[in-house]
Amino acid sequence: MSRVRIRRAAAAAVAALALATLPTAAHAAAAPGAGVSARQPHQQQAETIRQIVLQGAVNVRDLGGHRTWTGGQVRQGLVYRSDALSKLTDADVTTVSGLGLTKVVDFRIPMEVQYDGADRLPTGLSPTARPVSDLGLYGTLVAAIGSGDPVTQEQMLGGGRAEAYMRDIYRTFVTGPENRAQFAATLREIADGRQGPVLYHCTSGKDRTGWMSYVLLRALAVPEDTAERDYLASNTFRAAYDAKVRAGLKQSGRMQNPDLLIPLQEVRQDYLDSATAQLEADYGSFYGYLTQGLGLDLRTLTKLQTKLVR
């Protein structure tokens with residue numbers, strides 16, 4: 001196989017991880033129903049997460065509905081989180097149009113956009129590129145899958161290396177100045193009373209998007225355990241689709257052991273803990289991260305509360 005064909009095959013496989021290559025029917029089969037609950041057995045009153053059901057993306061949700069420590073509730077219809085929107089169907093675009101979005105923020109790096117494609121959005125709406133580093137993860141996946149070599153893939157992703165990679169990525173959400181600037185800019189826009197409904201996303205809608213959502217919910221005084229459940233709910237929404245991706249890679253012969261990808265496909269508490277431990281080490285507290293790390297003043301934090309909590 002030529003180098004060009006190998007590269008294309010690798011890109012196609014990685015794009016599948018990013019909701020890009022499985023047919024529409026697979027998206028539909030993998031998509032849970034609207035209002036899927038992220039309920040844990042120990043919860044007494046779990047919020048129900050409002051999913052926006054699409055065929056070309058599986059992890060699109062309204063961030064509203066969560067209760068706060070102050071007795072309020074995060075307003076729905078103002079902030080949405082999602083995975084990549086590059087494979088939306090015409091019907092999906094109509095559904096998205098109904099959300100009334102005025103801004104879409106894309107946390108993907110240029111390589112992801114190049115391989116997966118730009119967002120498909122309603123007429124008049126263009127994505128704002130605001131790349132957050134993935135520490136080269138996407139390129140690593142292209143190389144690993146593209147090699148087609150089980151030994152190479154094991155050396156790159158096995159033995160706990162994939163998990164360690166994910167923890168490193170989460171730490172850079174806190175330590176990387178450019179990453180902090182991207183998250184801070186998004187929070188400031190969300191806080192702006194003149195800004196209408198906002199959607200932000202990355203590739204799978206779980207790591208960069210998951211951290212952004214966790215930070216926003218915590219800033220709104222949503223209890224930590226509730227914010228964690230919202231983060232972990234990506235596993236519920238993505239599980240069926242990601243399993244299909246692994247099955248496809250094995251069936252095609254590109255990976256003998258596609259389970260090597262599971263640590264990269266999932267969100268895990270210890271990934272989130274890596275970021276929160278880092279912010280405590282660097283800034284002393286979550287509030288210190290908001291004010292010193294992200295540079296958000298008290299006025300901006302108050303505007304977030306006023307706009308998003310009822």
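Reader: In which kind of crossing does H7 pass H13, right-handed or left-handed?

Author: Happy to start there! Bear in mind that this is a predicted model. H7 passes H13 in a right-handed crossing. Helix H7 covers residues 161-175 and helix H13 covers residues 269-283; they pack at an angle of about 35°, with their axes 8 Å apart.

Reader: Which residues in H7 and H13 meet?

Author: From H7 come Glu163, Met166, Arg167, Tyr170, Arg171, Val174 and Thr175. The residues they meet in H13 include Tyr271, Leu272, Ala275, Leu279 and Tyr283. By class, this contact of H7 with H13 has eight nonpolar, three polar and five charged residues.

Reader: Which strands run antiparallel?

Author: Take S2 (residues 61-62) and S3 (residues 79-82): these run antiparallel, joined by two bridges. Arg61 stands opposite Arg81 in S3.

Reader: And how many bridges join S3 to S6?

Author: Four, and these two strands run parallel. Ser82 stands opposite His201 in S6. Strand S4 (residues 103-106) is also joined to S6 by four bridges, again running parallel, and here Lys103 stands opposite Val198.

Reader: Are the residues on the two faces of S6 buried or exposed?

Author: Both faces of S6 (residues 198-201) are covered. Val198 and Tyr200 lie on one side, Leu199 and His201 on the other, and all are buried.

Methods:
Residues numbered from 1 in each chain as written. Predicted model: local features only at pLDDT ≥ 70, side-chain atom pairs only at ≥ 80, totals over all residues. Heavy atoms only, no water. Axes fitted to C-alpha atoms, helices over the stretch in contact; angles between N-to-C directions. Left-handed = near helix turned anticlockwise from the far one by under 90°. Contact = heavy atoms within 4.5 Å. Nonpolar A, V, L, I, M, F, W, Y, C, P; charged D, E, K, R; others polar. Pairing = 2+ DSSP bridges. Buried < 20%, exposed > 50% of the residue type's maximum accessible area, 1.4 Å probe, protein only.
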